[in-house]
Amino acid sequence: MAKVLCVLYDDPIDGYPKTYARDGLPKIDHYPGGQTLPTPKAIDFVPGTMLGSVSGELGLRKYLESNGHTLVVTSDKDGPDSVFEKELVDADIVISQPFWPAYLTPERIAKAKNLKLALTAGIGSDHVDLQSAIDRNITVAEVTYCNSISVAEHVVMMILGLVRNYLPAHDWARKGGWNIADCVAHSYDLEAMSVGTVAAGRIGLAVLRRLAPFDVKLHYTDRHRLPESVEKELNLTWHDSPKDMYPHCDVVTLNCPLHPETEHMVNDETLKLFKRGAYIVNTARGKLCDRDAIARALENGQLAGYAGDVWFPQPAPADHPWRTMAWNGMTPHMSGTSLTAQSRYAAGTREILECFFEGRAIRDEYLIVQGGNLAGVGAHSYSKGNATGGSEEAAKFKKAS
């Protein structure tokens, strides 16, 4: 029997929801391109309810306990005295989310002698030291595609929010003002701008498709070039590298995984390649960007705006400069954890657990590490190494709270 340690974010401040804004969810059975939604044998939750918080438990307790397993759920994840740190020692499985990541650093993995599976309820496994997982023969899996469209929608919203100066204008209205000149002094049309994505996988390509009707010029770069038919369909301009693409774009959206090769890919030097007054939207991972370089570029005008929902570490300390820097549209990491997305990643988490316990193969599209090497989608998208360095800074948020 297994001990499953699950780290989820806290319930809402006013308590776990008793009612919801909408009754149920629209139903789909596959994603763009044909991949089917998660297919667990059963679920023990109502789609559209809050599953990603502590009380939601990803809908897993009945399933796990009825099969003799132990489930520990906590939001206390940072620092040596955290529940996560104490319970990790004899855990067989760790489930975490990108939105409230339980950082599995080399030191923590070394302590977790029983750990066999690190499972991401969502997309992105950079909070796990993949190199240690490879060395220890720990399986790492995530629920690929479960919230890709959720994030793509968020990217489009943030691009429009920055370019049209939506948030400052909204603030004028909320405060009772009517300062039109102030609202439009930083506002432009997106039409005819050049928009480029770093990575054109599930999220990046979905962003391109959603932006095409805005009559923008679309650019992309990716280690895997798209089929010629897709390039022609969307009138895409291909660039061999991000550095080659940056000078051509008014807006750049980052949609690539974090691993040692992409860490701090946007920094003081690469920002010099951007057009003056460019916008960056980053819903991929905060550590793709040098934190202080972004703040400086907004201050000196090299960037006209920066938006995203990803930080490093997460949660970000109260003194993180992205909370207060000029012309930012930052939110907590929430693009991929809409109530719609939660139903998919909860079902996908259960599907992976069923496969693991029953000795069945986990889908290739869910695998990041298996058998002592990068595997499945991990071999396609990640590189070996560790990107968790510095994550202990998340404890600052806990102390401030």
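Which residues does L104 touch, not counting residues up to four places away in sequence? Hello everyone, let's start there. With contact meaning heavy atoms within 4.5 Å, L104 touches F84, L88, V94, I109, L115, A118, H127, V128, D129 and T388.

A quick word on the model before going on. It is a predicted one, where local features need pLDDT of at least 70, side-chain atom pairs count only at pLDDT 80 or more, and totals for chains, interfaces and linings use all residues. Residues are numbered from 1 along each chain as its sequence is written, and side-chain values use heavy atoms, with hydrogens and water left out.

Now back to L104 and its core. A nonpolar core here is a set of buried Ala, Val, Leu, Ile, Met, Phe, Trp, Tyr and Cys residues joined through side-chain atoms within 4.5 Å. Buried means under 20% relative accessible area, exposed means over 50%, and partly exposed is in between, using a 1.4 Å probe and protein chains only. The largest nonpolar core has 90 residues, and L104 is one of those that touch the most other members, along with L58, I95, I159, L190, L211 and L353. Helix 5, residues 148-163, gives the most to this core, with 9 residues. Helices (H or I, at least four residues) and strands (E, at least two) are DSSP runs, numbered from the N terminus. Another core, of 31 residues, lies apart from it and includes C249, L288, L303 and A387.

Next, the records. UniProt lists residues 62-361 for "domain: D-isomer specific 2-hydroxyacid dehydrogenase catalytic", in an unreviewed entry. UniProt positions are given in the numbering used here, feature names are shortened, and annotations may be inferred rather than shown by experiment. Over residues 62-361 the chain is 36% helix and 16% strand, with the end C-alpha atoms 23 Å apart. The unreviewed entry in UniProt also has "domain: D-isomer specific 2-hydroxyacid dehydrogenase NAD-binding", at residues 156-335. That span is 32% helix and 17% strand, and its end C-alpha atoms lie 11 Å apart.

On to helix 13. This helix, residues 339-358, has 20 residues, and at 1.5 Å a residue it should span 28 Å; the end C-alpha atoms are 29 Å apart, which agrees. The expected span is 1.5 Å times one less than the number of residues. Is helix 13 mostly covered or mostly uncovered? Mostly covered, with 15 of its 20 residues buried. After helix 13 comes G359, whose phi is positive, near 70°.

On a 1 Å grid over the protein atoms alone, a cavity is a set of points where a 1.4 Å probe fits but cannot get out, while a pocket is an open set with protein on both sides within 12 Å along at least five of seven lines; lining residues have an atom within 4 Å of a point. Grid points are joined across faces, edges and corners, and a volume is the space filled by probe spheres set on the points. The second largest pocket has a volume of about 1100 Å³. It is lined by 35 residues, and P332, H333, M334, S335 and T337 are the closest to its centre. Helix 5, strand 12 (328-330) and helix 13 each give two or more residues to this lining, and helix 5 gives the most, with 4 residues.

F312 brings us to some backbone geometry. Most residues other than glycine have a negative phi, and most peptide bonds are trans. The bond from F312 to P313 is cis, with omega near -10°, and a cis bond also joins Q314 and P315, with omega about 0°. P313 lies in the loop between strand 11 (303-308) and strand 12, and P315 is found in the loop between strand 11 and strand 12 as well.

Two non-glycine residues have a positive phi: A199, at about 90°, and N235, at about 55°. A199 sits in the loop between strand 6 (194-198) and helix 8 (202-211), and is buried, with a relative accessible area of 10%. N235 lies in the loop between helix 9 (228-234) and strand 8 (236-238), and is exposed, at 62% relative accessible area.
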